[in-house]
Amino acid sequence: MRKQFAVLGLGSFGRSVALTLESMGCDVIVVDKSQETIQEIADRVTYAITADITEKEALSALGTRNLDGAIIGVAENLEAGIMATLLCKEIGIPMVVAKAKNKLQGTILKKVGADTVVYPEIEMGSRVAKSLLATEFTDWIELSNDYSMVEIAVPKPWINHSMAELGIRTKYGVTVVGIMQDGNVNVEFNPQMPLPENALLILVGANKVLEKIGKLEK
């Protein structure tokens, strides 16, 4: 079943999240009070609505029971961000991601119910979108349109096997650039060393390959 998300507010951040989610096979509903903005994106997403995101009736009409999450991209208007966050949680949207301009704003949004706060000056919208879907990864950094660097728990089939034995680079076409354990990153690891259970691998490779690795049995 396709995942479904609502993006509320279509500045550059919201637009980036919406288009990335749509490109990754999700159903995306976008809401913005600007009819012009909605018209510009309407044919590139599943559904586009001109409405005020601070009005409960408008958000309730989104069909919240089917939504996997909502992304609120209106950091320039803190009051609107707070109201939208409160309403999203009130009407039962399970995951609410809110955009903030600074740490103080982020703290406020967290207190009113945001599950995750993002700072677009640091995190690109496309990266946030990927992190919503790639739950197998603890982090995803886009290096280009086709390649990324990710952090992932050692897949179950790889535990207690060395990278040399697994032939990770040859078989999967990805490069292990580091191993993280107990908060420490080791970039000078021994490829003959068995991979421990409680560790993260830092991998660089093609997005399609990384997604396949993320689906390996845990």
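Asparagine 160 sits in the loop between strand S8 (147–153) and helix H7 (163–166). Helices (H or I, at least four residues) and strands (E, at least two) are DSSP runs, numbered from the N terminus. This is a predicted model: local features need pLDDT of at least 70, side-chain atom pairs count only at pLDDT 80 or more, and totals for chains, interfaces and linings use all residues. Residues are numbered from 1 along each chain as its sequence is written, and side-chain values use heavy atoms, with hydrogens and water left out.

Back to asparagine 160. Its phi is near 70 degrees, a positive value in a residue other than glycine. Most residues other than glycine have a negative phi. Asparagine 160 counts as exposed because its relative accessibility is 58%; exposed means over 50% relative accessible area (1.4 Å probe, protein chains only).

Next, the strands. Strand S9 (residues 175–181) pairs with strand S11 (residues 200–206), antiparallel, over 5 bridges. Two strands pair if DSSP finds at least two bridges between them. Methionine 180 has leucine 200 in S11 as its bridge partner.

S9 also pairs with strand S10 (residues 184–186), again antiparallel, over 3 bridges. Here glutamine 181 stands opposite asparagine 184. What separates S9 and S10 in the hairpin? There are 2 residues between them, and aspartate 182 in the turn has a positive phi of about 55 degrees.

Terms used
Buried means under 20% relative accessible area, exposed over 50%, partly exposed in between (1.4 Å probe, protein chains only).
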